[in-house]
Amino acid sequence: MSLMTEFKEFAMRGNVVDMAVGVVIGTAFGKIVSSLVGDVVMPLLGKAVGGVSLAQLAVDLGAGPTGEPVLLKYGLFLQSILDFLVIAAAIFMALKGINKLKTPPPAAAPAAPPADVVLLTEIRDLLKK
């Protein structure tokens, strides 16, 4: 099998295509959640803690070689953690809803015993008589 044919079979499998769609939707969803956190939640949280923008919280570590201040921006780190928590909660709720919609597969009927087992069962029953 040629390399192109093998790659085509791999790329066209349902799981790979589904994963690609999931990545694209996940990227767009991440932008929406980042906007929610950065533009809605963080300003409200900043207002609650005294009008401070949490994204601008930083510790000055001194000046760098160029004279620019070196900052430890822990506010952006807190915002990233909040982004993650909101995304994880949203994905959890979505998966929980999807799992409720799924119906469990019907229980499989027990397989019929092989012919030799049926024959031996009949012989046993005849011998009991």
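Colleague: Hi! What radius of gyration does the chain have, and what would a compact globule of 129 residues have?
Modeller: Hello! The chain has a radius of gyration of 30 Å, while a compact globule of 129 residues would come out near 14 Å. Please keep in mind that this is a predicted model.

Colleague: Thanks. What does the C-alpha trace span along its principal axes?
Modeller: The spans are about 100 × 50 × 25 Å.

Colleague: And which elements is the chain built from?
Modeller: There are 4 helices and 2 strands. Starting at the N terminus, the order is α-α-β-β-α-α.

Colleague: Where in the chain is confidence lowest, and where is it highest?
Modeller: Helix α2, residues 14-48, has the lowest confidence with a mean pLDDT of 80. Helix α4, residues 115-128, has the highest, at 91. Over the chain the average pLDDT is 82, and 98% of the residues score at least 70.

Colleague: Let's talk about burial. How many of the 129 residues are buried, as a percentage?
Modeller: Buried residues account for 8% of them. As for the surface, the accessible area of the chain is about 10,800 Å², and carbon and sulfur atoms contribute 71% of that.

Colleague: Can we look at single residues? Where is Asp 83 found?
Modeller: Asp 83 sits in helix α3, which covers residues 74-101.

Colleague: Why does Asp 83 count as buried?
Modeller: Asp 83 counts as buried because its relative accessibility is 13%, and the cut-off for buried is under 20%.

Colleague: Which residues does Asp 83 touch, leaving out those up to four places away in sequence?
Modeller: Asp 83 touches Val 33, Ser 34 and Val 37. Thr 103 is another story: Thr 103 and Asp 83 are 20 residues apart along the chain, and their C-alpha atoms are separated by 32 Å.

Colleague: Now Val 41. Which helix does Val 41 lie in, and what does Val 41 touch?
Modeller: Val 41 belongs to helix α2. Setting aside residues up to four places away in sequence, Val 41 touches Leu 36 and Leu 82.

Colleague: Why is Val 41 called partly exposed?
Modeller: Val 41 has a relative accessible area of 29%, so Val 41 falls between the cut-offs of 20% and 50%.

Colleague: What about Val 17: where is that one?
Modeller: Val 17 is in helix α2 too. Val 17 is partly exposed, at 37% relative accessibility. Beyond residues up to four places away in sequence, Val 17 touches Ala 11 and Met 12.

Colleague: How far is Val 17 from Ser 35 in space?
Modeller: From C-alpha to C-alpha, Val 17 and Ser 35 are 28 Å apart, and they are 18 residues apart in sequence.

Colleague: Back to the whole chain. Of the contacts between residues at least 6 apart in sequence, what percentage join residues at least 24 apart?
Modeller: That share is 35%.

Colleague: Last topic, charges. How many positive and negative side chains are there?
Modeller: The chain has 11 positive and 10 negative side chains. The centres of the two sets lie 9 Å apart.

Conventions:
Residues numbered from 1 in each chain as written. Heavy atoms only, no water. pLDDT = per-residue confidence, 0-100. Rg over C-alpha atoms; globule rule 2.2 N^0.38 Å. Buried < 20%, exposed > 50% of the residue type's maximum accessible area, 1.4 Å probe, protein only. Contact = heavy atoms within 4.5 Å. Areas by Shrake-Rupley, 256 points an atom, 1.4 Å probe, with all protein chains shown as cover. Lys, Arg positive; Asp, Glu negative; His and termini not counted. Charge placed at Lys NZ, Arg CZ, Asp CG, Glu CD.
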